[in-house]
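New notebook page, new structure.

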Amino acid sequence: MTFSKAADDRQPVWFLILFALAAGGGAVAYVPLLTVLLPLKITAMMGTEDVPTLARVTFFGAVIASLANIAFGMLSDRSKNRIPWILAGLILSSTLLLAIGCAASIVELIMLVMAWQVGLNMMLGPLLAWAGDCFPDGQKGVLGGALALAPALGGLAGALVTIEALVDPQYRLGLVVVIVATMVLPAVVFGRGRVRAHLMRDDGASSAEVAENTAGHARQEQPKSTLVRMWLARFLVQISEAGLFAFLLFWLRSLSAGFHENTVANIFGAVLVVSVPLALLAGRWSDRHGRPIAPLAVCAGLSAIGLLIMAVSGGIEWAIAGYIVFGIAASIFLSLHTGQTLRVLPKARHRGRDMGVFNLTNTVPSLVMPWLTLTLVPGFGFTALFALFAGFAVLAAGLLATIPVRQ
């Protein structure tokens with residue numbers, strides 16, 4: 001794998017910050033709902049913490065999310081203007097998020113979550129592809145580090161909206177909508193004209209890189225094996241992430257009855273906040289040293305360690321400690337992986353579509369994970385599930401460690 005260090009057409013820090021906030025707005029649009037508010041909605045409707053019902057809602061939502069992300073990525077490729085899709089998705093997803101709070105039956109809830117996933121991915125698919133249109137390879141590492149801000153802000157929003165003394169439960173989803181719009185719109189308004197022409201060519205070479213290529217250092221298209229390994233590694237880590245994403249509240253309550261949802265949101269948010277500076281440091285290091293894959297392999301290995309601690313923990317303290325290790329490592333891994341994925345995609349004209357295919361590593365685990373949970377947890381408990389997840393993370397580290405890197 002060959003990586004150029006050319007710094008041609010680097011984006012200014014202010015746009016990097018605005019884009020990171022916009023990506024954070026995308027996370028705020030779904031993290032509070034899927035981690036806390038949706039389980040609470042199901043509990044209120046069913047009268048109990050119903051894991052099978054949550055699994056069904058998650059499954060059908062993930063199917064629609066997978067298809068919608070690819071479809072809107074392709075449409076934004078063809079239109080050659082991603083901003084209208086981002087704005088339309090923001091409006092549609094915000095409207096449907098409010099409607100979810102009014103669902104009166106499980107069937108209605110499932111249908112609204114599916115429709116909401118369409119609007120959400122109309123915004124998220126073109127938004128991430130837009131990053132590939134704007135940020136050159138020399139900033140892919142720090143871009144990935146900045147994207148760690150997204151889940152951190154999502155976690156903080158989840159903690160904020162579950163503070164009963166601050167936000168009345170009936171206004172939680174409305175507050176989420178306001179926060180999302182406030183975070184996404186500045187990048188869209190002030191980021192017009194930031195697309196770099198050379199990044200829209202299939203070779204992705206800037207003028208500086210073209211000169212470098214003439215000296216015998218051509219920027220080569222990545223082999224298919226690299227793309228496959230990158231896809232599989234993220235998929236394996238995301239299975240674990242999806243499992244904790246959906247069932248963290250239920251798992252902690254199985255260890256300590258009555259564990260409050262705001263405490264869960266606070267832990268989730270704190271882990272993600274700590275991940276941000278660490279991800280920025282790792283991303284900056286990878287840019288400077290031309291080692292984009294090394295931090296990914298290390299973080300996958302640390303994720304496995306955290307999962308093993310969770311698997312053997314017998315009390316709430318060790319359980320939380322294991323989750324902190326896993327959560328920080330996985331968050332850094334996923335943010336840096338997104339930046340490096342934009343580096344290795346083969347064709348600029350299909351960037352939105354290809355990011356949609358890589359987004360399957362985010363949504364397909366949500367299809368696999370519920371059935372793994374329903375198969376293992378009733379008979380063997382969460383211990384077996386976390387041990388399996390740890391094995392997946394070790395395999396992901398191995399796949400990344402075998403990707404050849406040549407400067």
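This is a predicted model: local features need pLDDT of at least 70, side-chain atom pairs count only at pLDDT 80 or more; totals for chains, interfaces and linings use all residues.

What share of the 407 residues in the chain is buried? I looked it up: buried residues make up 58%.

**Whole chain.** I went through the elements and got 13 helices and zero strands. Next I checked the contacts with a separation of 6 or more, and 83% of them are between residues 24 or more positions apart. The accessible surface came out at about 15,700 Å². Carbon and sulfur atoms hold 69% of that surface.

**Largest pocket.** A probe the size of a water molecule, rolled over the atoms, shows where empty space is left. I noted a volume of about 290 Å³ for the largest pocket. It has 15 lining residues, and L37, K41, G101, P169 and L173 are the closest to its centre. Which elements give two or more residues to this lining? They are α1 (13–46), α3 (83–100) and α7 (172–190). The largest share, six residues, is from α1. Sorting the lining by class, I got eleven nonpolar, two polar and two charged residues.

**A look at α3.** α3 has 18 residues and spans 26 Å from first C-alpha to last, close to the 26 Å expected. I listed its buried residues: I83, I86, G89, L90, S93, S94, L96, L97 and I100. An α-helix has 3.6 residues a turn, so residues three or four places apart point the same way. What do the buried residues of α3 pack against? I found α1, α4 (106–134) and α7.

Definitions and conventions
Residues are numbered from 1 along each chain as its sequence is written. Side-chain values use heavy atoms; hydrogens and water are left out. On a 1 Å grid over the protein atoms alone, a cavity is a set of points where a 1.4 Å probe fits but cannot get out, and a pocket is an open set with protein on both sides within 12 Å along at least five of seven lines; lining residues have an atom within 4 Å of a point. Grid points are joined across faces, edges and corners, and a volume is the space filled by probe spheres set on the points. Helices (H or I, at least four residues) and strands (E, at least two) are DSSP runs, numbered from the N terminus. Ala, Val, Leu, Ile, Met, Phe, Trp, Tyr, Cys and Pro count as nonpolar, Asp, Glu, Lys and Arg as charged, and the others, Gly among them, as polar. The expected span of a helix is 1.5 Å times one less than its number of residues. Buried means under 20% relative accessible area, exposed over 50%, partly exposed in between (1.4 Å probe, protein chains only). Contact means heavy atoms within 4.5 Å. Accessible areas come from the Shrake-Rupley method with a 1.4 Å probe; for residues, only the protein chains shown count as cover.
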